[in-house]
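Here is a short report on one protein model. Look at the overall form first, then at the side chains.

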Amino acid sequence: MASVVSIKFNDEEAQILGRAHAASGVPGLSSHIKRVYFDAIRPQQDALQDIRRDLEGIVAALARLRE
């Protein structure tokens with residue numbers, strides 16, 4: 001199910017967004033905003049998954065050392 005979220009931009013933000021949207025070549029503004037947002041969070045999610053894997057490895061190594 002789709003959701004609609006209302007976002008307000010001040011004049012400066014709207015100008016920056018307008019320029020970025022025009023340069024992107026993406027036809028719809030909402031598509032541009034979604035692409036930018038989701039593309040921005042993907043690397044953060046990948047980094048967090050890497051950190052979780054590293055922590056799990058450290059915890060497993062510590063458990064082996066304690067035995």
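## Burial and the nonpolar patch

A residue counts as buried under 20% relative accessible area, as exposed over 50%, and as partly exposed in between. I58 has a relative accessible area of 46%, so I58 is partly exposed. The model is predicted.

I58 sits in helix α2, which covers residues 29–66. I58 also belongs to a nonpolar patch on the surface.

## Overall form

The protein has two helices and zero strands. Its radius of gyration is 20 Å, while a compact globule of 67 residues would have one near 11 Å. The C-alpha atoms fill a box of roughly 60 × 30 × 25 Å along the principal axes.

Buried residues make up 7% of the 67 residues. The accessible surface comes to about 6100 Å². Carbon and sulfur atoms account for 59% of that surface.

## Salt bridges

Side chains of opposite charge can pair when their charged atoms come close. How many salt bridges does the structure hold? There are three.

D50 pairs with R53, with the closest N and O atoms 2.8 Å apart. Both lie in helix α2, three residues apart, about one turn of the helix. Salt bridges with shared partners join R35, D39 and R42 into one network.

D39 meets R35 at 3.7 Å, N to O. D39 also bridges to R42, where the closest N and O atoms are 3.1 Å apart. D39 and R35 are four residues apart in helix α2, so about one helical turn separates them.

Methods: Residues are numbered from 1 along each chain as its sequence is written. This is a predicted model: local features need pLDDT of at least 70, side-chain atom pairs count only at pLDDT 80 or more; totals for chains, interfaces and linings use all residues. Side-chain values use heavy atoms; hydrogens and water are left out. Patches are made of residues with over 30% relative accessible area and no salt bridge: like charges are joined within 9 Å, nonpolar side chains (Val, Leu, Ile, Met, Phe, Trp, Tyr) within 5 Å. Accessible areas come from the Shrake-Rupley method with a 1.4 Å probe; for residues, only the protein chains shown count as cover. A salt bridge is a side-chain nitrogen of Lys or Arg within 4 Å of a carboxyl oxygen of Asp or Glu. Buried means under 20% relative accessible area, exposed over 50%, partly exposed in between (1.4 Å probe, protein chains only). The radius of gyration is taken over C-alpha atoms; the globule rule is 2.2 Å times the number of residues to the power 0.38.
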